Amino acid sequence: LTAASLKHVRRQRDALAEDKTRLQAELAALQAKLREQREHVASLEARLREADEREAALRREVEDAKAAENAQKSRAERLEGVCGRLEDALAEREAEAAAAEQSERLGLQRDLHRQMAEQEDMKRAAATALAAAEKAMAMHAFHAQHMEQLRTAKLEDVLKSKVELHISVPRITLNYNNAPPLQVSAATALSEDKVRSFLEAQVFPHFEPLWTCLDGLARAPDGSSKKDYSTKMLDRLAVAIKAFITKAQTSDGAALGSA
């Protein structure tokens, strides 16, 4: 080897060493980039796996949602069918209820008309019965009044035919000097109450058998005849005697029977 060739070889060696160093640096840089790429790829793969998992989860959720939607649709269809049947049943029930209500209303109206007719018949019957009862009561009252009048008249006839009273009431005429005559009568002090008291104490006790007889005729032996007729007869006889006395004092004479 010559010096020139050795120099050339050294230059080649140095060039190769530089190339080696440069290539080693490039290799280190490439290896570093390769590691970064590997890490990036691993990260991408992890992200891809996560994306796949998320996609699978989303698919499952979508499938679940579709299944739920289908179930909801099926349930809605069933509910629509049930609602339709219920609406039909409700319409049928309403029609039946309306028919029953109409029938019941017609029955109630017929019952009402029948009851009103019965009430009218009852009113007419009651009015007829009331009129008959009023007529019977009026006839009974008239009969009772007539009997009372007859009984009173007969009682007066009995008293007039069975009772004889002798009444003496002094009347005095005073004459003195040339004065007009003055008439003084004891009848002035004889009031109707005194006449009544005298008759009640001295005369009417003799009528007890008569009241008893009237009680027997009236089929009520409870003293009611005496209560009903004694006071009437006593009052009428007292008035008649007082009128007779007054008339006798103002005239020449009078009869008690005409008073």
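Helices are DSSP runs of H or I with at least four residues, numbered from the N terminus.

**Figure 1. Overview of the predicted chain, with four helices and two strands.** Along the sequence these elements follow the pattern α-β-β-α-α-α. The chain has 259 residues, and buried residues make up 10% of them. Helix α1 covers residues 3-162, and strand β1 covers residues 171-174. Among the other helices, α2 runs over 192-203 and α4 over 224-250.

**Figure 2. A negative surface patch that includes Glu87 of helix α1.** The patch is formed by four residues: Glu87, Asp88, Glu92 and Glu96. Glu87 lies within helix α1. The relative accessible area of Glu87 is 55%. Glu87 is classed as exposed because this value is over the 50% cut-off.

**Figure 3. A salt-bridge network of Asp19, Arg22 and Glu26.** Side chains of opposite charge can pair when their charged atoms come close. In this view, the side chains of Arg22 and Glu26 meet in a salt bridge, with an N to O distance of 3.1 Å. Both residues belong to helix α1 and are four residues apart, which is about one turn of the helix. Arg22 is partly exposed, at 41% relative accessible area. Glu26 also counts as partly exposed, at 37%. Asp19 is linked with Arg22 and Glu26 in the network. The count of salt bridges in the model comes to ten.

**Figure 4. The salt bridge between Arg59 and Glu55.** The closest N and O atoms of this pair are 2.6 Å apart. Arg59 and Glu55 are separated by about one helical turn because they are four residues apart in helix α1. Glu55 has a relative accessible area of 35% and is partly exposed.

**Figure 5. The salt bridge between Arg105 and Glu101.** Here the side chains meet with an N to O distance of 3.0 Å. The two residues are four apart in helix α1, so about one helical turn separates Arg105 from Glu101. Glu101 is partly exposed, at 45% relative accessibility. Arg105 is partly exposed as well, with a relative accessible area of 37%.

**Figure 6. A nonpolar patch on the surface, formed by Ile172, Leu174, Tyr176 and Leu182.** Together these residues have about 380 Å² of accessible area. One of them, Leu174, is found in strand β1. Leu174 has a relative accessible area of 39%.

**Figure 7. The largest nonpolar core, with eleven residues.** Its members are Val195, Leu199, Val203, Phe204, Met233, Leu234, Leu237, Ala238, Ile241, Phe244 and Ile245. Helices α2 and α4 each supply at least two residues of this core. Helix α4 gives the most, with seven residues.

Key: Residues are numbered from 1 along each chain as its sequence is written. This is a predicted model: local features need pLDDT of at least 70, side-chain atom pairs count only at pLDDT 80 or more; totals for chains, interfaces and linings use all residues. Side-chain values use heavy atoms; hydrogens and water are left out. Patches are made of residues with over 30% relative accessible area and no salt bridge: like charges are joined within 9 Å, nonpolar side chains (Val, Leu, Ile, Met, Phe, Trp, Tyr) within 5 Å. Accessible areas come from the Shrake-Rupley method with a 1.4 Å probe; for residues, only the protein chains shown count as cover. Lys and Arg count as positive and Asp and Glu as negative; His and the chain ends are not counted. The place of a charge is taken as NZ of Lys, CZ of Arg, CG of Asp or CD of Glu. Buried means under 20% relative accessible area, exposed over 50%, partly exposed in between (1.4 Å probe, protein chains only). A nonpolar core is a set of buried Ala, Val, Leu, Ile, Met, Phe, Trp, Tyr and Cys residues joined through side-chain atoms within 4.5 Å.
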